[in-house]
Amino acid sequence: MSIAAHLPALQVVVPLLAAPLSVLLRDRRAAFAVVLVAAWTAFAIAIALWLQVSASGTISYHIGSWTPPWGIEYRVDRLTSFVLCLVSGVAAVVLPYSWASIERELPRDQHYLFFTMFSLCLAGLLGITITGDAFNIFVFLEISSLSTYVLIALGRDRRALVAAYQYLIMGTIGATFIVIGIGLLYLQTGTLNLVDMGQRLQSISGHRGVLAALAFLTVGLSLKLALFPLHQWLPNAYAYAPSAVSAFLAATATKVAVYALLRFYFSVFGATAVFRQLPMAELMLVLALAGMFVASTVACFQSDLKRLFAYSSVAQIGYIVLGLSFDSVTGLTATIVHLANHAVTKGGIFLLLGAVAASMGGVTLARTQGMGRVMPLSSFGIVLCGLSLIGVPGTAGFISKWYLILAALEQGQWWLVFMIVLSSLLAVVYVWRFVESAYFKAPRADLADVRDAPATLLAPAMLLVAATLYFGLDTSLTVGAAAEAAAELLGATR
Amino acid sequence: MSPTTLIAVTLAVPIIGAVFIAAFHRQPNLREAVTLLTAVLLFTCVIALLPQVLGGAQPALHLLDVLPGLALTFRVEQLGMLFALVASGLWILNSLYSFGYMRSNGESHQTRFYVCFALALAASIGIAYAGNAFTLFVFYELLTLVTYPLVTHHGTKEAQRGGRIYLGLLLGTSMVFLLPAVIFTWKVAGTTDFQPGGILDGQVTGLALAGLLALYMFGIGKAALMPFHRWLPAAMVAPTPVSALLHAVAVVKAGVFCVVKVIVYVFGIDLLAANAGTAWLVPVAGFTILAASVVALRADNLKRRLAYSTVSQLSYVVLAAALLAPLSLIGAVMHIAAHALGKITLFFAAGAIYTAAHKTNVSQLDGIGRRMPWTMGAFAIGALSMIGLPPAAGFVSKWYMLAGAMEASRWTAVAVIIASTLLNAGYFLPVVYRAFFRAPVAGDHDHPHGEAPLLMVLALTATAAGTVLLFFLPDVPLALARQMLTGG
């Protein structure tokens, strides 16, 4: 058998093995090299899987050759390969950045641990995405969550410990809800394979157990994806984690949770009577709107840039969830395309904020005032990404907004159209708080001689900024895949 | 060079120019030379397409597909040609004027200023040549963003406040009204291409059509239809060359250009004429004309008075287009060119007065015409054009507008135009009268001065001459307007 046939397994195994290897090596350079190679290999595998899916459709890989539904199945369809590319791609960009970034933020003897945890986290996120087995999702969720807690706790600020603890509590509650939901589904259907589960659920009608499973999974996953009002853990976690971790989490962790939600909603529950009868769409719509407005408003009043953009993330997750609440191909396209667009945009912002923190010693608005003058490249990069958060044409965010509005128009919901555009006006407010502070104020006297961060920090960040602009102009990759994935998801239900 | 390539080059010239301007930030003379060269090159590129457009051809360029079925495309038709001619032609004179103004007033960040200016022109050309509403929207937003640093150039609290209003209103209206309108158009018509006769016929009717028209008209905030006009006076905190070229020509003309373009090529004149519900635009534009004139009458700050005069004059174009009569539409198109020349002259004069005499208010201008005869002479010609008196270009456009309104028996519109003519005279003639016929008041602010630097006087004399010239030779704009109406 050729290697190509085993790519789905290798997608997870490579970063998973890199973790213990890097602990054994204990040397920060060697650990970095191992994890970097693993991450780049994972990215290459994800691209190869993307091409395989394009060429020959959905891939079903049987672990240990045990046929599903008895064995564990890895299942790669368009949506899976889209998220795999996104997660591994972001990791491939963030890792080189982290080398120079943790140099400034962590004691050297912790570096190999950082790389170990990063690798584990990557393996967990890729695992959640690729597996077609419900319990496997839970296992990988725990792998990624536990390593995330450690990564956040590594933050230089002592408040990072509280943030990590907060996330630990909330994340554990979420994971518990998820495992209860999966357990209930197993009781009802007798299977853990997602596809099998989806088919068996169709013959079970109106059962209270299914209802409970849906409720538990919804709450658990909403916690992980930080859907308002279950987002309380997110701002602190993003604000106090090491810069590279903030960027990686902002770009991937919540996105993978959204992916899991999409899987359960559309591939498992999608066709069941229970799901169709419940006002799930309305519920998601209300929470999404509340998140868009409340979190954006809160973002307008933050004095720390990391927190400001963290709240902006909660608002943007609102857009993502809003898209899925439409339950239409256009709406889901908006959701999926915004997964990627928001990932590159926010990833870029947090990488740049890390560069700013490295040069200016912090990212509060008071400290970074006038940074347009002393750190022109970083400031301009943040402004460009900020324009994408607003949804200005020519940036990735515009494409997402276009599809969201189109989805609302398709259903004749003009009021929703205005809600979407009004909430993006709030984004103008919080982005312009940064612009005015960076360009209208003079830098602090002690920071007037600061220069832009070195290329090792700026280059990866600028790569994501460039991607933000690129995906705003050429969308054949993002929208093409998103539309295909959305059709697949809905095709499974109808 | 094929016409298609020429469009690409036209768009690229100001962008490449901006790069070189930025590269020469340490050599001011070279930087200014590059600015001027870029302006001349741009004008050459635009004018090179004129014979073909006059000959009935509409060269097009397909840049790239952004979404499936939705592309950045450019097509040069008559209206876009005229707007591009006006914007790029006046940029040359404005550059000369800027050199004098920025240096005499010791402005800082001059490189940023010229870079943003070049980018603003690139965005304006993008708007002018846009082949569909999507492309138009992209460049419309771009124009707002690149002019923001120009509006807030001074970096003061006041500039920051002005910038907030500017950005808030322009970005706000375009995102909240214009974007949904464009997406809705795409959804119902399956395209956003500008086509003679419009693309919405048979797709939208009745109240929905009136609503869509409202989304477009108020969404195009740059046309400064009340109540979304306040960004224009707020933008006056910018250095005068910005007010002159951008807030008398490029940005505001982009606004009314979009209005005419949408009415003619998206809705189609016949569709709007057949739907009585869309007639609301006439009274709204008429109200803006009169209300803005009343505010201008009471403004003592010269630039503020000019800004409200612009708000009023922009609504002439909207009103004339909304009347949907062929003659008034010709007037609307003509007025884009005529008002541009006249108003840039007035702003040039205001900037020259500020530079030479450090005066900003109308009440300080007693007797200034004796010291600055060229400047105030040009001001007088600009004022005549605003009022609509011969021998200035404003007369021609107003004539067509009135003729169109009478032809269509829209007597309220006729009354509005006549009343506003009187108001225009009421706030422009006193300035001219003070300057030439009142004795200068000896005060402690008074100090000996003559004309502004030569480059500035040269520029404002040229635009004043242009205003007169356009009265005698209005053939090109009129030919373009007529062709636009016949769809050829």
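**Contacts, domains, core and backbone**

Author: Start with the contact between the chains, which takes 19 residues from chain B and 20 residues from chain A. Keep in mind that this is a predicted model.

Reader: Which elements give two or more residues to the side of chain B that touches chain A?

Author: They are strand 1 (60–67), helix 5 (133–151) and helix 6 (157–189) of chain B. Helix 6 of chain B supplies the largest share, ten residues.

Reader: How do the residues on that side of chain B divide by class?

Author: The side of chain B that touches chain A has 14 nonpolar, three polar and two charged residues.

Reader: What about contacts inside one chain? How is chain A divided?

Author: Chain A has domain 1 (1–163 + 233–267) and domain 2 (279–494). Note that domain 1 of chain A is written as two segments. The C-alpha centres of these two domains of chain A are 22 Å apart. In the contact, 30 residues of domain 1 of chain A meet 37 residues of domain 2 of chain A.

Reader: Which element gives the most to the domain 1 side in chain A?

Author: Helix 10 of chain A does, with 13 residues. The elements with two or more residues on that side are helix 3 (78–105), helix 9 (233–240) and helix 10 (243–269) of chain A. By class, the domain 1 side of this contact in chain A holds 20 nonpolar, six polar and four charged residues.

Reader: How should I read a nonpolar core?

Author: In soluble globular proteins, nonpolar side chains tend to be buried together. Here the largest nonpolar core has 411 residues, and those that touch the most other members are Val35(A), Ile152(A), Val259(B), Val260(B), Val317(B), Val318(B) and Val333(B). Domain 1 and domain 2 of chain A both contribute residues, so this core lies between them.

Reader: What does Val260(B) touch, not counting residues up to four places away in sequence?

Author: Val260(B) touches Leu79(B), Val317(B), Ala321(B), Ala332(B) and Val333(B).

Reader: How do I read the packing of two helices?

Author: Look at the angle and at the separation of the axes. Helix 12 (residues 302–323) and helix 13 (residues 326–357) of chain B pack at about 170 degrees, with axes 8 Å apart. An angle over 145 degrees counts as roughly antiparallel, and helix 12 and helix 13 of chain B are therefore roughly antiparallel to each other. Helix 12 of chain B contributes residues including Val317(B) and Ala321(B), while those from helix 13 of chain B include Ala332(B). The contact has 13 nonpolar, six polar and two charged residues.

Reader: What is found in the loop between helix 12 and helix 13 of chain B?

Author: Leu324(B) is found there. Its phi is near 65 degrees, a positive value in a residue other than glycine. Ser409(B) also has a positive phi, of about 55 degrees, and is not a glycine. Ser409(B) is in the loop between helix 16 (393–407) and helix 17 (411–437) of chain B.

Reader: Are Leu324(B) and Ser409(B) buried or exposed?

Author: Count the other C-beta atoms within 10 Å: 20 or more means buried, 12 or fewer means exposed. Leu324(B) has 23, so Leu324(B) is buried. Ser409(B) has 9, so Ser409(B) is exposed.

Reader: Where are the cis peptide bonds at Pro69(A) and Pro229(A) placed?

Author: The bond from Pro68(A) to Pro69(A) is cis, with omega near 5 degrees, and Pro69(A) is in the loop between strand 1 and strand 2 (73–76) of chain A. The cis bond that joins Phe228(A) and Pro229(A) has omega of about 0 degrees, and Pro229(A) is in the loop between helix 8 (208–225) and helix 9 of chain A.

Note on methods:
Residues are numbered from 1 along each chain as its sequence is written. Chains are lettered from A and ligands numbered from 1 in the order in which they are written. This is a predicted model: local features need pLDDT of at least 70, side-chain atom pairs count only at pLDDT 80 or more; totals for chains, interfaces and linings use all residues. Axes are lines fitted to C-alpha atoms, for helices over the stretch in contact, and angles run from 0 to 180 degrees between N-to-C directions. Helices (H or I, at least four residues) and strands (E, at least two) are DSSP runs, numbered from the N terminus. Angles under 35 degrees count as roughly parallel, over 145 as roughly antiparallel, 65 to 115 as roughly perpendicular and the rest as oblique. Two residues are in contact if their C-beta atoms, placed from the backbone, lie within 7 Å. Ala, Val, Leu, Ile, Met, Phe, Trp, Tyr, Cys and Pro count as nonpolar, Asp, Glu, Lys and Arg as charged, and the others, Gly among them, as polar. Domain bounds come from an automatic or database domain assignment. A nonpolar core is a set of buried Ala, Val, Leu, Ile, Met, Phe, Trp, Tyr and Cys residues joined through C-beta atoms within 7 Å.
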